[in-house]
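This report looks at an annotated site in a protein model. Please keep the sequence and the structure in view while reading.

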Amino acid sequence: MLSLPDSVDLLISARWIVPVVPTGQVLENHVVIVHQSRILGIVSQQRAATLQARERRELPHHVLIPGLINAHGHAAMSLFRGLADDLPLMSWLNDHIWPAEGRWVSEDFVRIGTRLAVSEMLRGGTTSFADMYFYPEIAAQVAMDAGIRAQLAFPVIDNPIPGAQNSAEAISKGLRLHDDSKHNELISVAFGPHAPYTVGDDTLIRVRTLADELELPVHMHVHETAFEVEEAIRQTGMRPLQRLRELGLLSPRLQAVHMTQIDDQDMQLLGDYGVQIIHCPESNMKLASGFCPVQRLLDNNINVALGTDGAASNNDLDMFAELRTAALLAKGVSGQPTALDAHSALRMATLAGAQALGIAEQTGSLEPGKLADMVAVDLSALPLQPVYHPVSQLLYTCNASHVSDVWVAGRQKVRSGQLQLADQDGLLEAVNEWAQQIQTGDEEHDA
């Protein structure tokens, strides 16, 4: 029998509850008990009727799931949304994005762009996100102010970047952020070497040494395109993943983003070293970068998490849309209609993301003792009817607009479809000011 205090903070009664653990379970007409930021248990409505609570929420047409985890993105790049569409990766980067970053990225750019991204993510049911962008200390403050969970991977590139003249300065500032944040329940820090083709061996060895000493993750774009792999073989005689193995970077703490190019030897290495894969299907499709073989990875017991990438290459941060694309793409790539079924896909966006980011003991599923990171999705709308299987409905018919309520550690961030964040009007005004500057600058660049 579950032992409970005389009074609890919150009782949430939902038509369906999908805890993710155990796999495939859907509870009907149950109640989640939340007290002091954590889940105490899930009980029947009859049992919950005997409990005293500071607040009760009735969600009679909703499915309650763990908070979604966006395991890769560049939050501040939301200010570049739609700036340079319909281009291949290297043209997109070299001719548009990198010049725009060089001209516009500042602390204020990162502050406003990250606020925009966090607002979008929370409204769409994302309660944790991994970010890899300049001025990570600014993004950390934005995340803390909003009350969203974030892993900040501080960028490490051998060339000068906004906020750091070289990789040594970037690492020094990143370590300072780690020291400042190590007791913060919302913020974690990772090394963020951009990619094998932008970071040399000496820097990568230093990253590996420090990451091993501090037991920190390494978040990195790896095998994003066939061109990247071909160039690496031409220059080094090795595929990037082989080079990372030689440098000692392959481990369960490596978060390898994209991985669209995987041969049998790569698959063996990923499995042998327990590397975490971050799949970004919509960005990869838009940039024609290739297809991550998700089902093959799962069949080899390799953890695969889900990310949107930045809004400059997606162009949204809607994890429900990403889920649907991931499931459909997995079926098309594998030729198996059973590939990445609805429950497996939801796990990829929740518990698998938590495992990839090293926070699975705290979030990713609705289990007693875990933080109450939760999302309620309203399935009452006409286009969602009838509801035979709520998890399939989440995957194949829902989008971010169907999210009604969001909690992070039991604190409500979206209530009945309304963000509970301050100064959204001021944010919109600041975004519009930035957009006008950026558009004028891009037109001058193209002229």
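The text below describes the annotated residues and then two of them in turn.

The model is predicted. An unreviewed UniProt entry carries the annotation "binding site" for His72, His74, His221 and Asp309. These residues are spread over 238 residues of sequence, yet they cluster in space, with a largest C-alpha distance of 12.0 Å. The lining of the second largest pocket includes His74, His221 and Asp309 of this set.

His72 lies in the loop between strand S5 (68-70) and helix H2 (89-104). His72 counts as buried because its relative accessibility is 0%, and buried means under 20%. Leaving out residues up to four places away in sequence, His72 touches several residues, including His219, His221, Cys280 and Asp309.

His221 belongs to strand S9, which covers residues 218-222. Is His221 buried or exposed? His221 is buried, because its relative accessible area is 6% and the limit for buried is under 20%. Apart from neighbours within four places in sequence, the contacts of His221 include His72, His74, His194 and His258.

Each of the two residues also has a polar contact between side chains, as the table shows.

| Side chain | Partner side chain | Polar contact |
|---|---|---|
| His72 | His219 | 2.8 Å |
| His221 | His74 | 3.5 Å |

Notes: Residues numbered from 1 in each chain as written. Predicted model: local features only at pLDDT ≥ 70, side-chain atom pairs only at ≥ 80, totals over all residues. Heavy atoms only, no water. UniProt positions renumbered as here; feature names shortened; annotations may be inferred. 1 Å grid on protein atoms, 1.4 Å probe; cavity = no way out; pocket = protein on both sides within 12 Å on 5 of 7 lines; lining within 4 Å. Helix = DSSP H or I, 4+ residues; strand = E, 2+ residues; numbered from the N terminus. Buried < 20%, exposed > 50% of the residue type's maximum accessible area, 1.4 Å probe, protein only. Contact = heavy atoms within 4.5 Å. Polar contact = N/O pair within 3.5 Å; in protein donor to acceptor, adjacent residues only side chain to side chain.
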